[in-house]
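Student: I have a model open and a list of labels for it. Can we test the labels against their cut-offs?

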Amino acid sequence: MAVKSTQVAIIGSGPAGLMLAQLLHLSGVECIILERQTRSHVEGRIRAGVLEHGSVEALRDAGVADRLNLEGLVHDGVELAFEGDRHRICLKELTGKSVTVYGQTEVTRDLIEARLAAGGEIVFEAEDVTPVDVTSAQPKVKYTHNGQDLEVACDFIAGCDGFHGVSRKTIPENVRSEFERVYPFGWLGILAEVPPVADELIYANGDRGFALCSMRSTTRSRYYIQCPRDENLDDWPDDAIWDELALRIGPDTAANLTRGPSIEKSIAPLRSYVCEPMRYGNLFLAGDAAHIVPPTGAKGLNLAIADVRLLHRGFERWYRNNTADGLDTYSTSALARVWKAERFSWYLSTMMHQFPDHNPFERRMQRAEFDYVRSSQAASRAIAENYVGLPLD
Ligand code: RFL
Ligand code: PHB
């Protein structure tokens, strides 16, 4: 069996794995990325759209923000709407910070380009990737590529392989604790080459359910509507999505809605999930491999970036200063931040969706929460500071 060796083996080339590889490269630490999918599949996935202030800074510091600086749309506010009433959260005024609309697809492309330009390795279409001996000082990752059995010998493994990856399952069940809430609905998303309905994002809760108006650029819109968890995409021709979206955002906003053929449509179920701890021996989990948030708070991609910034600090201290302290505190420090993002995502999801099992009391609670946020600068600021992103530590 052919054996390669490196310092850090990274499983998964989503934003977590790619960003970690870029940060390690800048620190002079060797790594190899093993990715199950093809490059075009990884670059074609449509997912997140909003970058926190700290994520933008991190991408700049990592030297991968040339296009982000040119094409990213800086948003100083975001709108919440409840049964036709509207409230703008003034992010910039309340926190001094903004968010940037720049698709995860673009972040991924920029990071892959930077890695390949630096001569770094990404093994696409790696099959049967399996971490082994993770509690020993010489862990390995076995995999198959082009029909050949291969192995990477390393000091550490970074499990950045998303929610359905293999890394988390390597942690024995009696060692890991899992915390989960599955929501009784999903988001049906549509991407279209049409100008956005408004300059800023709108999160709307109405009688017919939640809707989100987002965008990728001034000419490309991304919209979502709440749908039953087991909804079938085939039941949603484009026209039906546009009609439903228009009803949910109300006539005033819908007057500015431009419709067009979908470039992409998908359904994502909503889930909150955390695995503790995020370390087992010399295996470290980062991003969706360790936690999932419902997309309402726009936190998933940002948490992935925050995790690998912390993990990179740990590796840097190990290789530069010969100390394990950053690696030893990684799981605890990352989880402290993860739980706050879980809370915010759960809170906003709970306020902004129609729950099939809610009774009129719970609906009134949502209304009261919205009215309180609208009337209180402190409550609006609490939303704003979470939305632009909490400090790394
Ligand atoms: P990823 O992106 O899932 O990448 C994991 C990578 O690992 C690979 N992989 C394997 N490789 C080798 N061997 C195996 N056995 C493997 N198993 C898996 C996969 O092919 C993949 O390439 O995880 P990562 O890097 O942790 O990044 C997390 C983010 O992708 C995710 O949190 C966000 O997309 C969530 N999210 C949003 N986050 C935000 O911050 N802001 C948003 O506005 C936002 N909107 C969203 C979202 C997610 C959505 N969906 C589709 C769930 C909107 C939606 C609709
Ligand atoms: C997106 O543009 O895909 C998006 C924006 C904000 C969210 C979730 C998704 O909260």
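What follows is a dialogue on aromatic pairs, helices, serines and backbone angles.

Tutor: Ground rules come before labels. This is a predicted model, where local features need pLDDT of at least 70, side-chain atom pairs count only at pLDDT 80 or more, and totals for chains, interfaces and linings use all residues. Residues are numbered from 1 along each chain as its sequence is written, chains are lettered from A and ligands numbered from 1 in the order in which they are written, and side-chain values use heavy atoms, without hydrogens and water.

Student: Why is the pair Phe-163 and Tyr-273 called edge-to-face?

Tutor: The ring centres of Phe-163 and Tyr-273 are 5.2 Å apart and the planes stand at 75°, so the pair is edge-to-face. Phe-163 is in the loop between strand 13 (156-159) and helix 7 (167-170), and Tyr-273 is in strand 18 (residues 262-276), so the pair ties together parts 110 residues apart in sequence. Helices (H or I, at least four residues) and strands (E, at least two) are DSSP runs, numbered from the N terminus. Phe-163 and Tyr-273 are both buried. Buried means under 20% relative accessible area, exposed over 50%, and partly exposed in between (1.4 Å probe, protein chains only).

Student: What makes Tyr-223 and Trp-242 edge-to-face?

Tutor: Their ring centres lie 5.6 Å apart and their planes meet at 75°, so Tyr-223 and Trp-242 are edge-to-face. Tyr-223 sits in strand 17 (residues 221-228) and Trp-242 in helix 8 (residues 238-254), so the pair ties together parts 19 residues apart in sequence. Tyr-223 and Trp-242 are buried.

Student: Which residues form one aromatic cluster?

Tutor: Phe-156, Phe-284, Phe-315, Trp-318, Tyr-319 and Tyr-330 do.

Student: How do you know that the charged end of Lys-299 sits over the ring of Tyr-387?

Tutor: The label needs NZ of Lys or CZ of Arg within 6 Å of the ring centre and within 35 degrees of the ring normal. The charged end of Lys-299 sits over the Tyr-387 ring, 5.6 Å from its centre. Arg-343 does likewise over Tyr-347, at 5.8 Å.

Student: How do you know that the buried residues line one face of helix 11?

Tutor: They are Arg-363, Gln-366, Arg-367, Phe-370 and Val-373. Down the axis of helix 11 they fall within an arc of 125°, so they line one face. The arc is taken over the directions from the helix axis to the C-beta atoms. Exposed Phe-361, Arg-364 and Ser-375 are on the face turned away.

Student: Why is Ser-380 called buried?

Tutor: Its relative accessible area is 5%, so Ser-380 is buried. Ser-380 is in helix 12. Leaving aside neighbours within four places in sequence, Ser-380 is in contact (heavy atoms within 4.5 Å) with His-87, Ile-89, Leu-94 and Val-373.

Student: Why does Ser-331 count as buried?

Tutor: Ser-331 has 9% relative accessibility, so the residue counts as buried. Ser-331 belongs to helix 10, and its side chain reaches the backbone nitrogen of Met-278 at 2.8 Å.

Student: What makes the peptide bond between Glu-276 and Pro-277 stand out?

Tutor: Most residues other than glycine have a negative phi, and most peptide bonds are trans. The bond joining Glu-276 and Pro-277 is cis, with omega about -5°. Pro-277 is in the loop between strand 18 and strand 19 (279-280).

Student: Which phi does Glu-83 have, and why is Glu-83 called partly exposed?

Tutor: Glu-83 has a positive phi of about 45° although it is not a glycine. Its relative accessible area is 37%, so Glu-83 is partly exposed. Glu-83 is in the loop between strand 6 and strand 7.

Methods:
Rings of Phe, Tyr and Trp (its six-membered ring) pair if their centres lie within 6.5 Å; planes under 30 degrees apart count as stacked, over 60 as edge-to-face and the rest as tilted. A polar contact is a pair of N or O atoms within 3.5 Å; within protein, one must be able to donate a hydrogen and the other to accept it, and residues adjacent in sequence count only if both atoms are side-chain atoms.
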